[in-house]
Amino acid sequence: MYDIHKIRADFPILEEKIYGKPLVYLDNGATAQRPRVVIDKMTEYYLRYNSNVHRGVHYLSNKCTDANEEARRIIQQFIGAASEKEIIFTRGTTEAINLVAYTFGEAFIQEGDEIIVTEMEHHADIVPWQMLYERKGARLKVIPFDDKGELRLDEYEKLLTDRVKLVGVAYVSNVLGTENPVREIIAKAHAVGAKVLVDAAQAVAHLQVDVRQLDCDFLAFSGHKLYGPTGIGVLYGKEALLQQMPPWQGGGEMISEVRFEKTTYNELPFKFEAGTPDFIGIIGLGEAVRYVEQIGRENIRRHEQALLDYATGRMKQIPRLRIYGEAAAKASVISFQIDGIHHFDLGTLLDQMGIAVRTGQLCAEPVMQHYGVTGMVRASFAMYNTPEEIDKLCEVLGKIEKMLNI
Ligand code: PLP
């Protein structure tokens with residue numbers, strides 16, 4: 001039984017009024033809200049236990065270290081990883097991808113090698129590879145998508161050669177909502193000896209993500225899109241691969257022994273976690289995952305898919321509204337435009353009515369170029385959104401069309 005009222009009550013911010021109107025929060029793709037249990041858990045640790053992890057012999061330090069490592073185990077189980085050594089904490093998806101681009105790039109990429117990404121990647125899964133190109137001379141190739149927003153797998157096959165060393169693919173597009181067939185993409189990449197990084201930033205809150213079922217080599221996601229804190233994220237990597245990669249940043253915790261002649265490095269996952277981590281953020285993320293599991297990912301998915309279907313049906317009745325991305329497998333994201341209204345104006349007018357959406361290029365300029373637009377409006381739904389909020393969105397969009405007389 002999906003008790004939406006109880007779920008909404010878990011998120012204090014949903015009680016807020018914006019310009020005197022109830023908040024309708026439809027910007028979950030950018031960041032989701034945090035339930036009270038996450039905020040309480042972090043507050044408890046700040047108030048009662050705060051102390052640096054991994055270095056102390058005293059009670060408080062051990063308490064935080066234990067909670068930090070428990071969160072790692074929770075996340076390991078959440079994504080089906082084989083070992084805690086494969087869970088590396090980063091600042092977010094962006095940092096996780098940059099870590100791989102630097103260290104995998106350092107160990108495995110030579111001049112003339114190729115990296116494949118898709119036309120629908122977020123900038124975070126494009127720019128680090130371009131920077132690698134500048135350092136190492138590896139070429140970037142792109143899998144195009146069709147107008148429905150589905151990847152052209154026939155084109156992908158043509159790009160796959162033994163020069164390809166890595167494929168970077170979004171599990172779910174942050175603009176089009178497309179759920180890409182990553183399992184198939186991974187199997188095909190492995191057949192030519194390439195590794196695959198899955199950008200799961202938009203997937204973990206909506207889908208059952210299992211790294212061993214996917215057989216991905218790397219997977220990255222951010223806490224703040226998963227009802228957890230900001231500034232914390234995860235890089236999953238296969239242990240054998242991580243072992244072969246050099247560390248990224250140097251400093252405390254990532255070392256085994258430091259001598260001026262030579263330093264040796266710590267074991268996994270600490271080799272990649274230089275400096276004091278955001279341990280209270282990590283503890284908060286563990287709590288967020290626990291919360292999501294308690295609601296149940298299958299239940300969340302069912303609820304969000306019903307919202308997506310309902311919103312798509314309603315929005316299609318708005319005469320001048322165009323939806324971008326109509327893939328058969330789609331997560332609860334709708335990017336759109338209304339002919340004759342600038343996306344920024346639309347976002348601003350919706351805001352006046354208490355409705356929070358995202359506008360602009362959505363950190364995916366190639367997708368904008370594909371459709372020849374300068375920006376879009378994006379409504380993205382989470383576990384706590386309701387059909388009534390979609391009614392409100394559609395009612396306001398209808399009024400805006402009328403008001404602007406277009
Ligand atoms: N990848 C995708 C698909 C995203 O949607 C985002 C954020 O919107 C990112 C990467 C970057 O995430 P972060 O800014 O949390 O590092």
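Mentor: Leaving aside residues up to four places away in sequence, Val198 touches Val169, Tyr171, Val182, Ile186, Cys216, Phe218, Leu219 and Ala220, where contact means heavy atoms within 4.5 Å. The model is predicted, so local features need pLDDT of at least 70 and side-chain atom pairs count only at pLDDT 80 or more, whereas totals for chains, interfaces and linings use all residues. Residues are numbered from 1 along each chain as its sequence is written, and side-chain values use heavy atoms, with hydrogens and water left out.

Val198 belongs to the largest nonpolar core, which has 72 residues; Val198, Leu219, Met383 and Tyr384 touch the most other members. Such a core is a set of buried Ala, Val, Leu, Ile, Met, Phe, Trp, Tyr and Cys residues joined through side-chain atoms within 4.5 Å, buried being under 20% relative accessible area with a 1.4 Å probe and protein chains only. Helix α10 (residues 279-295) gives this core its largest share, six residues; helices are DSSP runs of H or I with at least four residues, numbered from the N terminus. Another core, of 26 residues, lies apart from it and includes Leu321, Ile338, Ile390 and Cys394.

As to the setting, 56% of the 406 residues of the chain count as buried. Among contacts between residues at least 6 apart in sequence, 71% join residues at least 24 apart. The C-alpha atoms fill a box of roughly 75 × 55 × 35 Å along the principal axes.

Conventions
Buried < 20%, exposed > 50% of the residue type's maximum accessible area, 1.4 Å probe, protein only. Helix = DSSP H or I, 4+ residues; strand = E, 2+ residues; numbered from the N terminus.
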